[in-house]
Amino acid sequence: MTSKVSRWLSEFCGKLTRKKVISGDMMETPLKRYFGTWDLTLFGIGQMIGGGIYVLSGTVGREIAGPSIVLAMLMAGVVAMLSSLCYAEFAARIPKTGSAYLFGYVTMGELVAFVIAWQMVLENMIGAAAVGRAWGGYIDSLTGNVIKNGTIATIGSMRGAGEWLGEYPDFVAFGVVILACVAVAMGVKHSAWLNNLFTLVNLLVILFVIIFGFTLADSKNWTVEGNGKGFFPYGFNGVLRGAAVCFFAFIGFDMIATAGEETINPQKSIPIATMASMSVVTISYVGVAAALTLMVPYTKIDVDAALPDAFAQHNLNWAKYLVAIGALTGMTTSLVGSVFALSRCIYAMSIDGLFFEWFARLHPKTQIPLNATIVFGFLSAVFALVMELHILVEFLSVGTLLAFTIVAASLIVLHYQPLEAPSADDKNYGSITPLEENAKSVSRPASPTVQQQKDALAGTLKPRFKFLKFLDGYKAGRVVVFAVVMLAVFTGCFCSTLIHGFEKVQQGQVWIIALAAFFGLGIVLSFALILVHKKNHPQISFKVPFIPFTPALSIFCNVILMTNLTTLTWIRFTIWCAVGFIIYFSYGIRYSKENKHLDYNTMVVFGSDADSDALSLDGKIIRPQPESVNTISHISTISPPVTPATSSPKSSH
């Protein structure tokens, strides 16, 4: 009986941690490589600037942080930068079209991948709703609040129905999300040059807001004399909560990683584009936040259309319309992109067997995942219709922060896994070197090098810590996995204790101080467990500096922001996660493609190589055809890259 239970538990855990197999040359792709570093940088900027600053500046500036939105934006930018470093390394290791879902599936296993994908669904669904709501707010502002007042007069206010509802049902927001769904469902075509054009227009509008806004600035608006409460009207907690909400404005940098298969030199271009776009967006956001709160007192900021209204308060209606048009252009691009990504994310999970197969069906004519687009697009439209903007943004932020935390944790684990030393007869699995015109054939060495032998011992105790006998009997890398999990848990407990019990700490209550000290000690010991083990040193084009400090800092910062979100947000998020786990354990775990032992693995993820429109965005999905390859039932590591024998991508997967 005991052996049967043990065997069942072993099989069950094996299913949760089974990893996706990527067979063949990593640089092989049916997609055309045309993205350069410049295109990729503008693509990332466009994804972030599209809706973030226009959606959040009013809500955070007036209701959450006040003038200290400047610090909130800067803090959110730093946290996003740490996460983007982790994404950049994963993209250098796995230059396939995909994002956190793929990274998690290949490195951490199926359950982690499902959790990430489920948060990506939330991110794109709520993101589309939030941008739609902001779009409606801008239209209402341009009409002098005629739409809002007319709707309330006709239907009535929804304030009494619940805290999470908006003041009125926004039919404009509902309609624009539905139109975005129709456009995506019809196979709307995008192109790199059009994205670049819209992005440059957005940057020019933001530059105008910053420069012209500072000419209208009044420093008194940051003081008690000007607004009655000074620079920190909501205290430092307002800055932290504002940073958590402002994180939404930086969502989109992860989209750069989806361009791996359509980038000429992904290992070089993706890290550079990620860092460049993050820097430009952070500087732009901080500048806009400063200009806005200096132009008008934070108490007079319009929540729905902050930037146009700020110019209107200075009787500059021409500037109001100029900014509004730029904002609507950016938000439209962002909205269509969110709906597009949402349908592809659902399709990716469905084609991998983790979600209902019905959503993987393609329209025979347009080759679009029509079912996923219609159902989840409609849900986004309903959220945009009834939910308050800041509630949408907070709901979105918690899921995204969790996904980024998992990515950072996965990166630490990956650096402490043993790498198998290649042999002479190894096949070229996992080649992730840049595509070059004159690439020469380089074969793997017949015997492992000294460094490869060291990498094979990664995850074991360092020689000087061999006296820690209680850690020496575990499988290589297993203790590090445990330590990373405990690091995240103790960090969450530590931050929650200090943030929600700060008044008691100030009062000197011993029990709360002792509790915080206990959790702090847990953080230190968990991190120490990681440090006493050996790392691997894969030869890739980009590595996050200061492993494990940088991803650990990313985890810490993400958790700080998450613990500053409201209790109601966490309740909603818990319900969302519960629904996801019910779907996975009742359906996904049974029908996963990795559970069927197929002769080949269909490489389909959000923006996958099977989805030829992922970054070329031509609106169609082409199903990959199976080819005769040897089945690899399980992989636990990503081997160091080697130079492929040929430089031209093949047309089959």
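Where does Pro548 lie? Pro548 is part of the loop between helix 20 and helix 21 (549-563). The model described here is predicted.

## The loop between helix 20 and helix 21

Two backbone features fall in this loop. The peptide bond that joins Ile547 and Pro548 is cis, with omega about 5°. Phe546 also belongs to the loop between helix 20 and helix 21. Its phi is near 60°, a positive value in a residue other than glycine.

Phe546 has a relative accessible area of 65%, and residues over 50% count as exposed, so Phe546 is exposed.

## The chain as a whole

The protein chain holds 22 helices and zero strands. Of its 653 residues, 58% are buried. The accessible surface of the chain comes to about 26000 Å², and carbon and sulfur atoms account for 66% of that surface.

Among contacts in the chain with a separation of 6 or more, 84% are between residues 24 or more positions apart.

## Helix 18 against helix 20

Helix 18 (residues 478-500) and helix 20 (residues 510-531) have axes that come within 8 Å and cross at roughly 155°. Angles over 145 degrees count as roughly antiparallel, and helix 18 and helix 20 are therefore roughly antiparallel to each other. Helix 18 passes helix 20 in a left-handed crossing.

On the helix 18 side, the contact is made by Val479, Val480, Ala483, Val484, Met486, Leu487, Phe490, Thr491, Cys493, Phe494, Thr497 and Leu498. Helix 20 contributes Ile512, Leu515, Ala516, Phe518, Phe519, Gly520, Gly522, Ile523, Ser526, Leu529 and Ile530. By residue class, this contact of helix 18 with helix 20 has 18 nonpolar residues, five polar and no charged.

## Helix 4 against helix 11

Helix 4 (residues 69-93) packs on helix 11 (residues 235-246) at an angle of about 50°, and their axes are 8 Å apart. That angle makes helix 4 oblique to helix 11. The crossing of helix 4 past helix 11 is right-handed.

From helix 4, the residues in the contact are Ile69, Leu71, Ala72, Met73, Met75 and Ala76. They meet Phe236, Val239, Leu240, Gly242, Ala243 and Cys246 in helix 11. The residues of this contact divide into 11 nonpolar, one polar and no charged.

## Asn315

Asn315 is located in the loop between helix 13 (306-312) and helix 14 (317-351). Phi of Asn315 is near 60°, which is a positive value in a residue other than glycine. Is Asn315 buried or exposed? Asn315 counts as exposed because its relative accessibility is 68%, and the cut-off for exposed is over 50%.

## Gly175

Gly175 is a residue of helix 8 (residues 171-185). With a relative accessible area of 24%, Gly175 is partly exposed. Gly175 and Gly136 are 39 residues apart in sequence. In space, the C-alpha atoms of Gly175 and Gly136 are 9.1 Å apart.

Definitions and conventions:
Residues numbered from 1 in each chain as written. Predicted model: local features only at pLDDT ≥ 70, side-chain atom pairs only at ≥ 80, totals over all residues. Heavy atoms only, no water. Axes fitted to C-alpha atoms, helices over the stretch in contact; angles between N-to-C directions. Helix = DSSP H or I, 4+ residues; strand = E, 2+ residues; numbered from the N terminus. Parallel < 35°, antiparallel > 145°, perpendicular 65-115°, else oblique. Left-handed = near helix turned anticlockwise from the far one by under 90°. Contact = heavy atoms within 4.5 Å. Nonpolar A, V, L, I, M, F, W, Y, C, P; charged D, E, K, R; others polar. Buried < 20%, exposed > 50% of the residue type's maximum accessible area, 1.4 Å probe, protein only. Areas by Shrake-Rupley, 256 points an atom, 1.4 Å probe, with all protein chains shown as cover.
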